[in-house]
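Subject: Structure handover

Hi,

Here is the structure I promised to pass on.

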Amino acid sequence: MALQKPRTLIPAAPVALPVQHRTTSTSSTARQWSTGGIIEQLSDPVFLGHVATGGTLALAGDVIAQTLLSEKNEFPPEDWDRARTAAFVTFGGLYTGGVQHFIFGFLNAAFDDPIKRLLLAQFFFIPFCYYPTFLAMVPALRAGLEADGDFFSEEAVVRREELFGETASKIPATLVRNWFFWLPVQFVQFSFIPVDLQVTYCAAFGVIWNAILSWSTSSAAAVTAEDKSA
């Protein structure tokens, strides 16, 4: 009897498995970033922790900035502008902690290359999301809180326009400082920091950045007071 030549087996299963994995991963990612998935994440302890971290570290950053601006360098400063700090804390919690939870999650899920994540974060989300949100929130919050919570009073409207114009005029210079500071910081973030720790990492460096941002957007009232005393 002639010996039969062994048949070569085609390893079909190992070839199919990666395709199945990619399909499952894509489906999971699509679910995560659907409206229902985003709503579910709003009650996630990780998300809530990021919101709390963003607000807490924004508080630290602004109080430090006001201390540096104070003549006596007391901590907290004797002339502590609580309305400004409250506005920064609200922005820090909602955007730095909350919105960036979703932005970083999306960038890490959608792009494997950390450089692509970095470029999108700094040259798309910062100029087109971060600063427009900051301009919409912080002047309005500060003006309303300074008017004892009457956000629609004439005093609040005038103050809001004043703060908006003052802050907007400083955005180009602040944006350049932003890139010098955050490009190296976020390169490390997207290259080496685990996804669940990226908001905390960013918020920790944000203590320094929020101090810079608070300094650069110090109130027009403080500037006016200095001019009068000169």
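Below is what I found in it, from the overall fold down to single residues.

Some ground rules before the details. This is a predicted model, so local features need pLDDT of at least 70 and side-chain atom pairs count only at pLDDT 80 or more, while totals for chains, interfaces and linings use all residues. Residues are numbered from 1 along each chain as its sequence is written, and side-chain values use heavy atoms, with hydrogens and water left out.

**Overall fold**

The chain has 8 helices and 0 strands, giving the pattern α-α-α-α-α-α-α-α along the sequence. Helices (H or I, at least four residues) and strands (E, at least two) are DSSP runs, numbered from the N terminus. Of the 230 residues, 37% count as buried. For burial, the cut-offs are under 20% relative accessible area for buried, over 50% for exposed, and partly exposed in between (1.4 Å probe, protein chains only).

Accessible areas come from the Shrake-Rupley method with a 1.4 Å probe; for residues, only the protein chains shown count as cover. As for contacts (heavy atoms within 4.5 Å), take those with a separation of 6 or more: residues 24 or more positions apart account for 69% of them.

**The core**

In soluble globular proteins, nonpolar side chains tend to be buried together. Here the largest nonpolar core has 28 residues, and Phe91, Tyr130 and Tyr131 have the most contacts inside it. By nonpolar core I mean a set of buried Ala, Val, Leu, Ile, Met, Phe, Trp, Tyr and Cys residues joined through side-chain atoms within 4.5 Å. Helices α4 (82-110), α5 (114-146), α6 (154-192) and α7 (195-216) each supply at least two residues of this core. The largest share, 11 residues, comes from α5.

Leaving aside neighbours within four places in sequence, Phe91 is in contact with Thr96, Tyr130, Thr133, Phe134, Met137 and Val138.

**Salt bridges**

Side chains of opposite charge can pair when their charged atoms come close. With a salt bridge taken as a side-chain nitrogen of Lys or Arg within 4 Å of a carboxyl oxygen of Asp or Glu, the count comes to 6.

- Arg84 pairs with Asp62, with the closest N and O atoms 3.2 Å apart. Arg84 sits in α4 and Asp62 in α3 (residues 45-69), so the pair ties together parts that are 22 residues apart in sequence. Both Arg84 and Asp62 are buried.
- Arg142 pairs with Asp81 at 3.7 Å between the closest N and O atoms. Since Arg142 is in α5 and Asp81 in the loop between α3 and α4, this pair ties together parts 61 residues apart in sequence. Arg142 is buried at 2% relative accessible area, whereas Asp81 is partly exposed at 22%.
- Glu146 pairs with Arg159, the closest N and O atoms being 2.7 Å apart. This one ties α5, where Glu146 lies, to α6, where Arg159 lies, across 13 residues in sequence. Glu146 is partly exposed at 28%, and Arg159 is buried at 11%.

Salt bridges that share partners join Asp81, Arg142, Glu146, Arg159 and Glu162 into one network.

Not counting residues up to four places away in sequence, Glu155 touches Glu146 and Ala147.

**Surface and cysteines**

Ile115, Leu119, Phe123, Phe187, Val188 and Phe192 form a nonpolar patch on the surface, with about 540 Å² of accessible area together. Patches are made of residues with over 30% relative accessible area and no salt bridge; like charges are joined within 9 Å, and nonpolar side chains (Val, Leu, Ile, Met, Phe, Trp, Tyr) within 5 Å. The elements giving two or more residues to this patch are α5 and α6. Val188, in α6, is partly exposed at 31%.

How many disulfides does the structure hold? The count is 0, with a disulfide taken as a pair of cysteine sulfur atoms within 2.5 Å. Cys129 is partly exposed at 23%, while Cys202 is buried at 4%.

Cheers
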